[in-house]
Amino acid sequence: MADADVSQIRVGEFTVGIIGLKSVLQDMAGEWAEKPDDQVAVELVKRLSGKNYFPESVKASYGMAFLREFKKFTGKPYNEDAPKQLEIKILGPGCANCDRLEREVIEAVSEMGLPADVDHIRDIREIGKYGVLGSPALIINGKVKAVGRVPMRSEIRKWLMQA
């Protein structure tokens with residue numbers, strides 16, 4: 001299994017890694033696109049259970065998250081779950097400035113005592129999905145805040161407060 005075969009998605013208030021999601025979405029996109037949502041959700045859980053473990057008590061919430069990802073993949077309208085905490089992404093291959101931005105963000109979040117999901121995305125293909133043309137880049141709750149520079153911590157703190 002390649003590293004690229006793990007996708008991170010939001011399930012409730014958590015971001016989780018799912019093995020094989022992309023290939024299952026590709027396999028189901030054609031024939032399942034017009035089926036009822038509840039059937040699609042059940043089938044997604046069934047197919048993904050082979051490589052992932054889902055306790056019975058969370059299968060419904062995972063099914064809804066998988067359904068959302070399926071709708072995104074097939075270009076259908078979907079409801080995005082609003083994160084209950086800050087969702088912060090640092091985009092960059094791991095250069096000195098990328099790592100410095102990650103440290104600054106983590107220190108700012110810690111100083112402020114904010115619950116946050118901080119994710120440093122280093123895969124160039126994944127970075128390309130965000131449409132930014134420089135690194136490092138900082139995204140807070142889906143909004144690009146800085147590209148090509150490491151902002152001062154005071155600026156990062158201001159953005160965190162606004163989010």
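The protein contains six helices and six strands, where helices (H or I, at least four residues) and strands (E, at least two) are DSSP runs numbered from the N terminus. The model is a predicted one, in which local features need pLDDT of at least 70 and side-chain atom pairs count only at pLDDT 80 or more, while totals for chains, interfaces and linings use all residues. Residues are numbered from 1 along each chain as its sequence is written, and side-chain values use heavy atoms, with hydrogens and water left out.

Followed along the sequence, the elements come in the pattern β-β-α-α-α-β-α-β-α-β-β-α. The C-alpha trace spans about 50 × 30 × 30 Å along its principal axes, and 39% of the 163 residues count as buried, a term that stands for under 20% relative accessible area, with exposed meaning over 50% and partly exposed in between (1.4 Å probe, protein chains only).

Four of the strands form an open sheet of mixed pairing in the order S4-S3-S5-S6; two strands are taken to pair if DSSP finds at least two bridges between them. The edges of this sheet are strand S4 (116-121) and S6, each of which pairs on one side only. On average, neighbouring strands of the sheet are turned by 20° against each other, direction ignored.

Two helices lie across this sheet. Helix H4 (residues 96-112) lies across strand S3 (86-91), S4 and S5, and runs at about 165° to S3, whereas helix H6 (residues 153-162) lies across S3, S5 and S6, running at about 25° to S5. For these angles, axes are lines fitted to C-alpha atoms, for helices over the stretch in contact, and the values run from 0 to 180 degrees between N-to-C directions; contact means heavy atoms within 4.5 Å.

In the loop between helix H5 (124-128) and strand S5 (137-140) lies Pro136, which is joined to Ser135 by a cis peptide bond with omega of about 0°. Beyond S5, Asn141 is found in the loop between S5 and strand S6 (143-147), and its phi is near 50°, a positive value in a residue other than glycine. Asn141 counts as partly exposed because its relative accessibility is 32%.
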